[in-house]
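This report describes a pocket, a cavity and the helix between them in the text, together with some backbone details. The sequence and model follow.

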Amino acid sequence: MELVIPEVELAGGGRKMPVVGLGTASFPPATAEEFQEAMLNAMRLGYRHFDTASLYGTEAPLGEAIAEALRRGIIKSRQELFITSKLWCPDCYADRVLPAIQQSLRKLQLEYLDLYLVHWPLCLKPGEMKQPIQMDEMPPFDYKAVWSAMEECHKLGLAKSIGVSNFTCKKLDQILNIAEIPPSVNQVEMHPVWQQKKLMEFCKEKGIVITAYSPLGASGTSWGSNDVLDSPVSLKWLYQQGATIVMKSFKVERMKSNVDIFDWELSEEELQKIREIPQNRGIKGEDFLSLNGPFKSLEELWDGEI
């Protein structure tokens, strides 16, 4: 029996988004066989939202899995799926956004994305990314130019909805002040140990859907935390806050348990205990950039929202 995952309306006229999606970032990377089998199993279970990105290196394998699912009849058409991908930092230039989404679509073997996100509010020089990143490799982020190019992707029908990822309230305001088409989604780290209360309130007020990544803390990764409750309680808490969720598990039983959150509620006492949990962001700026970049501190990268 297939899972029935609720959907949420997105601003801007795109199709509804399933409130739970399967993330495809894998560290260390899964083999091609493991990855495809996991995607096919997820589709068999009823997952329809799949989250990828240029950075992850999973667009092409996901495209192969979708093609295989269609061949096997696991899904009847591409329209059953909701596919999200993301613009990586070296392509955050006015003239590189359109080629970037076109490349993602070629890898995915798709004609359009359901959702295309600006992965980070950061700009890197095109070319191979080296660590540590130096200041001259990080030009200022041109909000108007990048967002206008994202809007063009939407107008061309290449992205049914557009949004952002890892944007603070201040950075969202910069987009909203110049946007013809406001972002429909902001995908950020969110879980009981990093509750994002201010950002959640801001996004609700502006009609922007929050999607939580690392909802169980991304334990086992270099940036992950073991502090987050590794249980459906964390996922249920997110859902009760009004967030949508992207989580990664390639194990069938875990895929099933991760969506067992729709027919029960956390009590007010449980919610209060979660509100009192000390807060600690899992992913830090230094996980992918050095402080030699254009930000004098992590407080500046996160606009003080640490």
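H6 provides the largest share of the lining of the second largest pocket, namely four residues. The model is a predicted one, in which local features require pLDDT of at least 70, side-chain atom pairs count only at pLDDT 80 or more, and totals for chains, interfaces and linings use all residues. Residues are numbered from 1 along each chain as its sequence is written, and side-chain values use heavy atoms, with hydrogens and water left out.

Helices (H or I, at least four residues) and strands (E, at least two) are DSSP runs numbered from the N terminus. The protein has 10 helices and 10 strands. Of its 306 residues, 53% are buried, where buried means under 20% relative accessible area, exposed over 50%, and partly exposed in between (1.4 Å probe, protein chains only).

On a 1 Å grid over the protein atoms alone, a cavity is a set of points where a 1.4 Å probe fits but cannot get out, whereas a pocket is an open set with protein on both sides within 12 Å along at least five of seven lines; lining residues have an atom within 4 Å of a point. Grid points are joined across faces, edges and corners, and a volume is the space filled by probe spheres set on the points. Three cavities of 30 Å³ or more are found in a search of the whole structure. In the table, nonpolar covers Ala, Val, Leu, Ile, Met, Phe, Trp, Tyr, Cys and Pro, charged covers Asp, Glu, Lys and Arg, and polar covers the others, Gly among them.

| Site | Volume | Lining by class |
|---|---|---|
| Second largest pocket | About 180 Å³ | Four nonpolar, three polar, four charged |
| Second largest cavity | About 50 Å³ | Four nonpolar, three polar, four charged |

At least two lining residues of the second largest pocket come from each of H6 (197-206), H7 (232-241) and H9 (268-275). The lining includes Met190, Gln196, Lys197, Met200, Trp237 and Arg275. For the second largest cavity, strand E5 (82-87) and helix H3 (97-108) each supply at least two lining residues, and H3 gives the largest share, four residues. Among the residues around this cavity are Glu59, Lys86, Trp88, Asp91 and Tyr116.

Within H6, the buried residues are Leu199, Met200, Phe202 and Cys203. They lie on the same side of H6, because they cover an arc of only 165° around the axis, the arc being that of the directions from the helix axis to the C-beta atoms. These buried residues pack against helix H5 (169-176), strand E8 (185-189), strand E9 (209-213) and H7, with contact meaning heavy atoms within 4.5 Å. Exposed residues Lys198, Glu201, Lys204 and Glu205 are carried on the face of H6 turned away from its buried side. Glycine 207, with a positive phi near 75°, follows H6.

Most residues other than glycine have a negative phi. Glutamine 196, in the loop between E8 and H6, has a positive phi near 55° and counts as buried at 13% relative accessibility. Glutamine 109 also has a positive phi, of about 60°; this residue is in the loop between H3 and strand E6 (115-118) and is partly exposed, with a relative accessible area of 45%.
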